[in-house]
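Please read the following note with the sequence and the model side by side.

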Amino acid sequence: MGWYEDSKSVLEFIQKSDNIDLVKKMLDIQKQSMDLLEENRKLKENVKELEGKLKFKGKLIHRNNAYWFEEAGRQVPICTGCWDANSHQIRLKDFENGFAECPICKNTFEIAPSKGY
Ligand SMILES: [Zn+2]
């Protein structure tokens with residue numbers, strides 16, 4: 001039997017005592033337990049997300065003022081400003097004449113194709 005089933009059994013037992021204050025206290029404890037469960041679930045999600053970002057960060061290489069990572073055998077640049085400020089993986093667009101732009105913050109980057117992207 002889990003904690004929720006146990007607390008339901010205790011509540012049913014308390015309800016039989018006709019002690020309203022005790023019933024209210026038990027209902028309050030149940031609500032606090034549910035809130036803690038929800039908080040725990042959110043914290044686990046945050047940890048998972050941060051672990052993913054940390055793993056991704058370990059793959060980044062700083063070159064030509066951008067961060068690069070390998071995807072399907074190809075080097076992909078992302079915006080250093082967006083990554084450093086918010087850990088957002090924003091791919092750079094418009095590779096022309098060795099320049100690229102972040103579609104979010106609009107920073108431009110000189111990325112010389114001859115340097116091997
Ligand atoms: Zn950006």
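**Note on the predicted model**

1. In this predicted model, three strands form an open sheet in the order E4-E5-E6, and their pairing is antiparallel. Strand E4 and strand E6 (108-110) are the edge strands, each with a single partner, so one side of each has no neighbour in the sheet. From one strand to the next, the twist averages 15°.

2. Within this sheet, strand E5 (residues 99-101) runs antiparallel to E6, and three bridges join the two. Opposite Glu 110 in E6 stands Phe 99.

3. The mean pLDDT is lowest in strand E4 (residues 93-96), at 76, whereas helix H3 (residues 80-86) has the highest, at 95. For the protein, the average pLDDT is 89, and 94% of the residues score at least 70. Where pLDDT is low, predicted coordinates should not be read in detail.

4. Helix H1 (residues 3-16) consists of 14 residues. From its first C-alpha to its last, H1 reaches 20 Å, close to the 20 Å expected at 1.5 Å a residue. Is H1 buried or hardly covered? Helix H1 is hardly covered, since the count of buried residues among its 14 residues is zero. Asp 18, which follows H1, has a positive phi, near 60°.

5. As to the overall arrangement, the protein is divided into domain 1 (3-53) and domain 2 (60-115). How far apart do the C-alpha centres of domain 1 and domain 2 lie? The distance between these centres is 46 Å.

How values were computed:
Residues numbered from 1 in each chain as written. Predicted model: local features only at pLDDT ≥ 70, side-chain atom pairs only at ≥ 80, totals over all residues. Domains from an automatic or database assignment. pLDDT = per-residue confidence, 0-100. Helix = DSSP H or I, 4+ residues; strand = E, 2+ residues; numbered from the N terminus. Pairing = 2+ DSSP bridges. Axes fitted to C-alpha atoms, helices over the stretch in contact; angles between N-to-C directions. Expected span 1.5 Å × (residues − 1). Buried ≥ 20, exposed ≤ 12 C-beta atoms within 10 Å, placed from the backbone.
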